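We will go from stop to stop, with something to pick at each one.

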Amino acid sequence: MVIDELDASSPRGSLAIRLRDAVQERWSAEVQAIGLSGSMAHGDDNESSDVNVLVVTYRPKTGPKPTLRKVDGIPVDLRVITAEEGLGQARQLTPRWPLLADAYLTAFPLHDPQNWFADRREAHLSLLAEARPMEFTGLARQDWAVANGAHTRAARLAQWYDTDAALILMAEARLHAALVAGLLTRTHFRNTADAVKRTGVAAADMQELGAILKYQAEELTARGRPVDGRLGALFD
């Protein structure tokens, strides 16, 4: 928990409370918990912030439908998950861990009589305490492969003067290079913009990003997860 109470006088705080009340009124028997993630959970939201709401249900295919839209001019990201599935996700490491961990570790419960959000946080902390370094390194190698592939295609497209497509692939390459850095250092980020900014790849051009990927490949090799090898190594 980062903030003790929600500022109900702000437009986003007022909307979050209205959303909670509407969900509880319509799906009271199906919903176990409702909470906020992102900037509102951190207590540093501003006029450009979204309202990120997670609705936790007892059973699949109950409660509201997930949606992404504006309400009264404010972007709302409404996600729905079962309690079991949510805890299961918090107990797993994936290549996107640097972007997922913040929601597991920082949430503001709007309705949580059974302390589900605290249980999810403890489940993820237990996972991190037990995880071996090679698990993070293996996941980092997967992100590196995506970053390297996007970077290679971007370079080829730039040679063909398809700069628009190259820019899109460069953005993908930067993000996955940032995820590599996050996994190798066990660092999680607030969002994709935070990831590329904090890892120093946000403004990296084609040559600079290539050098970063080369360094990451060498680091992965040194940690026992080389990015290239013989055919038999593909199945290790």
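Rings of Phe, Tyr and Trp, taking the six-membered ring for Trp, count as a pair if their centres lie within 6.5 Å, and planes over 60 degrees apart make the pair edge-to-face. By this rule there are two aromatic pairs in this predicted model.

**Stop one: the aromatic pairs**

Select Trp-97 and Phe-136. The ring centres of Trp-97 and Phe-136 are 5.4 Å apart and their planes stand at 85°, so this pair is edge-to-face.

Now move to Trp-116 and Phe-117. The centres of these two rings lie 5.0 Å apart with planes at 85°, so Trp-116 and Phe-117 are edge-to-face. Both Trp-116 and Phe-117 are buried.

**Stop two: salt bridges**

How many salt bridges does the structure hold? There are nine, and we will visit some of them.

Pick Arg-190 and Asp-44, whose side chains meet in a salt bridge at 2.8 Å, N to O. This pair also links distant parts of the chain, 146 residues apart: Arg-190 sits in the loop between α7 (163–185) and α8 (192–198), while Asp-44 sits in the loop between α2 (39–42) and β2 (51–57). Arg-190 counts as partly exposed, at 32% relative accessibility, and Asp-44 is partly exposed with 39%.

Next, show Arg-79 and Asp-77. Their side chains form a salt bridge at 3.0 Å, N to O. Which side of the bridge is exposed? Arg-79 is exposed, with a relative accessible area of 51%, because over 50% counts as exposed. Asp-77, at 14%, counts as buried.

Asp-194 and Arg-198 both lie in helix α8, four residues apart, about one turn of the helix. Asp-194 is buried, with a relative accessible area of 17%.

**Stop three: Thr-62**

Zoom in on Thr-62, in the loop between β2 and β3 (67–71). Thr-62 is buried, with 14% relative accessible area. Draw a distance to the backbone oxygen of Arg-59: a polar atom of the Thr-62 side chain lies 2.7 Å from that oxygen. Which residues touch Thr-62, leaving aside its neighbours within four places in sequence? They are Glu-30, Thr-57 and Val-80.

**Stop four: a nonpolar patch**

Finish on the surface by selecting Leu-231, Leu-234 and Phe-235. Together these residues form a nonpolar patch with about 410 Å² of accessible area. Colour Phe-235 separately to see its place in the segment after α9 (206–222). Phe-235 counts as exposed, at 66% relative accessibility.

How values were computed:
Residues are numbered from 1 along each chain as its sequence is written. This is a predicted model: local features need pLDDT of at least 70, side-chain atom pairs count only at pLDDT 80 or more; totals for chains, interfaces and linings use all residues. Side-chain values use heavy atoms; hydrogens and water are left out. A salt bridge is a side-chain nitrogen of Lys or Arg within 4 Å of a carboxyl oxygen of Asp or Glu. Helices (H or I, at least four residues) and strands (E, at least two) are DSSP runs, numbered from the N terminus. Buried means under 20% relative accessible area, exposed over 50%, partly exposed in between (1.4 Å probe, protein chains only). Patches are made of residues with over 30% relative accessible area and no salt bridge: like charges are joined within 9 Å, nonpolar side chains (Val, Leu, Ile, Met, Phe, Trp, Tyr) within 5 Å. Accessible areas come from the Shrake-Rupley method with a 1.4 Å probe; for residues, only the protein chains shown count as cover. A polar contact is a pair of N or O atoms within 3.5 Å; within protein, one must be able to donate a hydrogen and the other to accept it, and residues adjacent in sequence count only if both atoms are side-chain atoms. Contact means heavy atoms within 4.5 Å. Rings of Phe, Tyr and Trp (its six-membered ring) pair if their centres lie within 6.5 Å; planes under 30 degrees apart count as stacked, over 60 as edge-to-face and the rest as tilted.
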